[in-house]
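Okay, thanks for coming, everyone. Let me put the structure up and then talk you through a few spots in it.

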Amino acid sequence: MKQLCITFFSIFLLFSCQSKNEDKNAILSESNGKINNVSIIVDENLWNGEIGDSIRKKFAAPVDGLINEEPLFNLNQYPTKIFEGIVRKSRNIIIIEKSNRSGYSFKKNEFAKPQNVFYIVGQNNDEILAILEKKANEIIQSLKSSEITENQNRLKKALVDDKKVRDRFGIGLTIGHGYKYDMVKDKFLWIRKEFSTGYNSILVYEVPINFIENDSNVVTNIVKMRDSIGKQFIHGTLNDTWMVTGEDYSPYLFDIKIAGRKTFETKGNWYLKNDFMAGPFVNYAIKDEKNNRYLILEGFTYNPSKAKRDLVFELESIIKSVKFFK
């Protein structure tokens with residue numbers, strides 16, 4: 001009987017806590033903030049010293065693969081005394097303060113939803129700097145992941161039909177408003193969104209597994225692959241122009257997973273041969289052993305003399321929405 005009461009009480013507490021969390025989420029207002037913006041809640045004396053320098057070095061570091069330097073996140077600093085109202089509803093918040101205790105914590109949807117709130121507390125500068133050093137990469141990865149999700153949710157508000165992608169490659173993509181099928185072949189798609197200062201593009205195609213893995217130099221194989229595709233399909237308005245991989249800087253190569261599959265992520269720059277157009281690209285070669293292929297999803301952008309970080313990030317968000325159906 002005693003054990004039965006304990007079990008009943010435990011279940012009651014579980015559902016009670018769950019109900020309270022649901023009630024809290026129901027009354028939370030929507031968070032605000034542009035993509036890749038982070039509110040830093042820290043007093044000026046810390047922001048203007050070595051702690052602020054550490055924050056900027058880590059969270060505003062240059063993005064890999066862009067010709068011109070752009071920060072990983074736009075940082076907006078606010079002193080603790082004005083942490084209220086619209087600031088409290090920021091989607092991404094890092095709170096740094098001195099206290100008689102030390103520690104790190106993360107809270108989801110504390111003041112609004114969706115929202116990430118990270119607390120870094122130390123008794124002195126050295127303790128705060130040590131926590132920043134230890135936790136910065138974890139925070140950055142969490143922010144990147146949640147911003148991808150946020151971007152995908154915004155794209156879902158006005159979707160473009162992905163039937164052509166499904167029919168040809170057996171996958172689904174979350175393609176947002178403004179994108180149109182620019183070129184449709186049996187095993188190649190070029191999807192593009194034009195805007196006043198340039199355009200965003202997504203390429204979808206596939207290659208045999210041994211095309212990527214025929215030797216240990218994966219990045220060279222990926223460059224050869226995309227240069228071949230560029231010469232075949234991606235041409236400029238002038239005669240004898242086509243897209244090639246930039247030669248000034250070696251592309252960045254990362255081993256990641258997308259949709260649970262081994263993936264090579266390649267970031268670099270492209271330009272048009274015999275022309276002056278150029279920009280950044282991000283290429284994802286996703287290993288699909290069931291179909292004996294690497295599925296290639298690439299995004300590239302053209303936005304001369306303008307910021308490109310968030311354009312590339314939108315392309316990453318679309319590509320990382322991929323779902324395999326066969």
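I'll go through confidence, then salt bridges, then a few helices.

So, what you have on screen is a predicted model. The chain averages a pLDDT of 92, and 92% of the residues score at least 70. The stretch to set aside is residues 4-22, where the pLDDT is below 50. Beyond near neighbours in sequence, that stretch has zero contacts in the model.

On to salt bridges. How many does the structure hold? The count is 20, and I'll pick out a few of them.

Start with E206 and K187. They form a salt bridge, with the closest N and O atoms 3.9 Å apart. E206 sits in strand β11, residues 198-208, while K187 is in the loop between β9 (180-185) and β10 (188-195). The two are 19 residues apart, and the pair links distant parts of the chain.

Now, E206 has another partner. R293 forms a salt bridge with E206, and here the closest N and O atoms are 2.6 Å apart. This pair also links distant parts of the chain: R293 is in strand β16 (residues 293-302), E206 is in strand β11, and they are 87 residues apart. R293 has a relative accessible area of 5%, so it is buried.

Next one: K193 with E314. Their closest N and O atoms are 2.9 Å apart, and they form a salt bridge. K193 lies in strand β10 and E314 in helix α9, residues 309-319, so the pair ties together parts that are 121 residues apart in sequence. K193 is buried, at a relative accessible area of 17%, and E314 is buried too, at 14%.

That brings me to helix α9 itself. Why do we call α9 largely enclosed by the rest of the structure? Because ten of its eleven residues are buried. Among them are R309, L311, V312, F313 and E314, and the buried set also includes L315, E316, S317, I318 and I319.

S317 turns up again if you look at Q152. Q152 is found in helix α5, which runs over residues 125-155. It has 13% relative accessibility, so Q152 counts as buried. Which residues is Q152 in contact with, leaving aside its neighbours within four places in sequence? Those are T174, S317, K320 and S321.

Last topic, helix packing, and we stay with α5. The axes of helix α3 (residues 50-59) and α5 come within 10 Å and cross at roughly 10 degrees. Angles under 35 degrees count as roughly parallel, and α3 and α5 are therefore roughly parallel to each other. From α3, the contact is made by E50, I51, S54, I55, K58 and F59. From α5, you have N125, I128, L129, L132, E133, A136, I139 and I140. By residue type, the contact divides into nine nonpolar, two polar and three charged.

That's my tour; happy to go back to any of these spots on the screen.

How values were computed. Residues numbered from 1 in each chain as written. Predicted model: local features only at pLDDT ≥ 70, side-chain atom pairs only at ≥ 80, totals over all residues. Heavy atoms only, no water. pLDDT = per-residue confidence, 0-100. Contact = heavy atoms within 4.5 Å. Salt bridge = Lys/Arg side-chain N within 4 Å of Asp/Glu carboxyl O. Helix = DSSP H or I, 4+ residues; strand = E, 2+ residues; numbered from the N terminus. Buried < 20%, exposed > 50% of the residue type's maximum accessible area, 1.4 Å probe, protein only. Axes fitted to C-alpha atoms, helices over the stretch in contact; angles between N-to-C directions. Parallel < 35°, antiparallel > 145°, perpendicular 65-115°, else oblique. Nonpolar A, V, L, I, M, F, W, Y, C, P; charged D, E, K, R; others polar.
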